[in-house]
Amino acid sequence: LECLTRAMGSYSDALRDHNNNNILLKRRIASSSSAPTDLLSQRYGIAPSRDELKQAISRITEQIDVAKIQTRVLSTILSSRNVSNLNQGQIDLLRHSLVTVSVLYNDFTGPLGLYDLCLAILQTCEHNDTATINKLWRSILCEELLPCRTSCEEVSKFLKTLQKGSMLEEESVVLSSSRVTKENGESLLSFEDGDWISAIKSRVIALGNEFHGKDSDFVFPLHFIAECLEGLSTVYNSSSATKAPGNWALRIIVESGASFASILEAYHSIFVSKNDSNANTKLKNISNIGEVIKMWMSSANSATGDAHPAKVQLDRYSNNIVAQIDMYKAELESLVGCKSEEVSNV
């Protein structure tokens, strides 16, 4: 990683000085002991053009990104029980060689269940594969939930649906109202206890903060994640005597760093996709949208300076939001079967 960084510096200096002194360029690059073996100066024997320098910088930048991920992979493996799943040759490979992203993904992060790092690899490669990304997110959420027990059939059904298509399909969802122990004597996590909420919150927010704002939002699919979290919130509230803080799923999405415009779009998509659902589901979805708008307005009103993102975006989308609010009001008025006080609260 240090060698690649030094090579990057050499090429960047060369590009900066290109128009001033081509002879100095050739000497500087040729004298860089840290550059890769396929130095352009060695390949062409002449001072490289600006385009060739830019291509070299781009290639080295990609190698640096891969090297950083490889460093994270090695550190994660060495500090976890996964280290026992690798032989010394594999560990030495990670320590002393720069491997390709396909090797990192297929031989290490994937088989070892390092789902967060799998997403980081897809981000680095700009590999926008929706099916793979959703599979990884299912796995991330299930990893914090399973194995577990629940006394509610609705919860069991939802968890098995979430589990399907993940890398954790073999984990157990036990339908039982009594304490269940694992083979090692530890108690199986109880869904109704809600201890998993804080773990999911920390993990989703950390991943959101890592990926948002880097032109790689595709590895943080807002609609899919919000739909999963809202589903968990719904079945939890219906099964547990202890209620979690209001709108905890939405608050996780907001704290993940997504823009309010993107969050509103995601929740609107959920509303549209479930528009044929029962009245209570419609009411819940419209209520969520109302909360997004209120949080957005609160953030914009409390912001200092006109350049605050929440304020700028609210000004830009205000006309569209007003039109959507009228549509949501019409939907509310058409609901049948909901408690009138719940409708009026929205």
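Which backbone nitrogen lies 2.9 Å from a polar atom of the side chain of Ser-139? It's the backbone nitrogen of Met-167. I'll come back to that serine, but a word on the model before we go on.

What we're looking at is a predicted model, where local features need pLDDT of at least 70, side-chain atom pairs count only at pLDDT 80 or more, and totals for chains, interfaces and linings use all residues. Residues are numbered from 1 along each chain as its sequence is written, and side-chain values use heavy atoms, with hydrogens and water left out.

Okay, the overall picture. The protein chain has 16 helices and three strands; those are DSSP runs numbered from the N terminus, H or I with at least four residues for helices, E with at least two for strands. Of the 346 residues in the chain, 44% are buried. Buried means under 20% relative accessible area, exposed is over 50%, and partly exposed is in between, with a 1.4 Å probe and protein chains only. Now take the contacts, meaning heavy atoms within 4.5 Å. Among those with a separation of 6 or more, 68% are between residues 24 or more positions apart.

Back to Ser-139, then. You'll find Ser-139 in helix H8, residues 130-145, and Ser-139 is buried, at 0% relative accessible area. Setting aside residues up to four places away in sequence, Ser-139 touches Tyr-115, Ser-166, Met-167 and Leu-168.

For another serine, look at Ser-102 in helix H6, residues 101-109. Ser-102 counts as partly exposed, at 40% relative accessibility. From Ser-102 to Cys-125 is 23 residues in sequence and 9.8 Å in space, C-alpha to C-alpha.

Now some helix packing. Two packed helices are described by the angle between their axes and the distance between the axes. Here the axes are lines fitted to C-alpha atoms, for helices over the stretch in contact, and angles run from 0 to 180 degrees between N-to-C directions.

Start with H11, residues 222-239, and H12, residues 248-255: their axes come within 8 Å and cross at roughly 150 degrees. That makes H11 roughly antiparallel to H12. The cut-offs: under 35 degrees is roughly parallel, over 145 roughly antiparallel, 65 to 115 roughly perpendicular, and the rest oblique. On the H11 side, the residues include Leu-222, Ile-225 and Leu-229, and they meet a set in H12 that includes Trp-248, Leu-250 and Ile-253. The residues of this contact divide into 10 nonpolar, one polar and one charged. Nonpolar here covers Ala, Val, Leu, Ile, Met, Phe, Trp, Tyr, Cys and Pro, charged is Asp, Glu, Lys and Arg, and the others, Gly among them, are polar.

What about H10, residues 196-211? The axes of H10 and H12 also come within 8 Å, crossing at roughly 25 degrees, so H10 and H12 are roughly parallel. Trp-196, Ile-197, Lys-201, Val-204, Ile-205 and Asn-209 in H10 meet Trp-248, Ile-252 and Glu-255 in H12. This contact's residues divide into six nonpolar, one polar and two charged.

Last stop, Glu-291, in helix H14, residues 279-302. Is Glu-291 buried or exposed? Glu-291 is buried, with a relative accessible area of 17%. Leaving out neighbours within four places in sequence, Glu-291 is in contact with Asn-247 and Leu-250. And Leu-250, remember, is one of the H12 residues meeting H11.

Conventions:
Polar contact = N/O pair within 3.5 Å; in protein donor to acceptor, adjacent residues only side chain to side chain.
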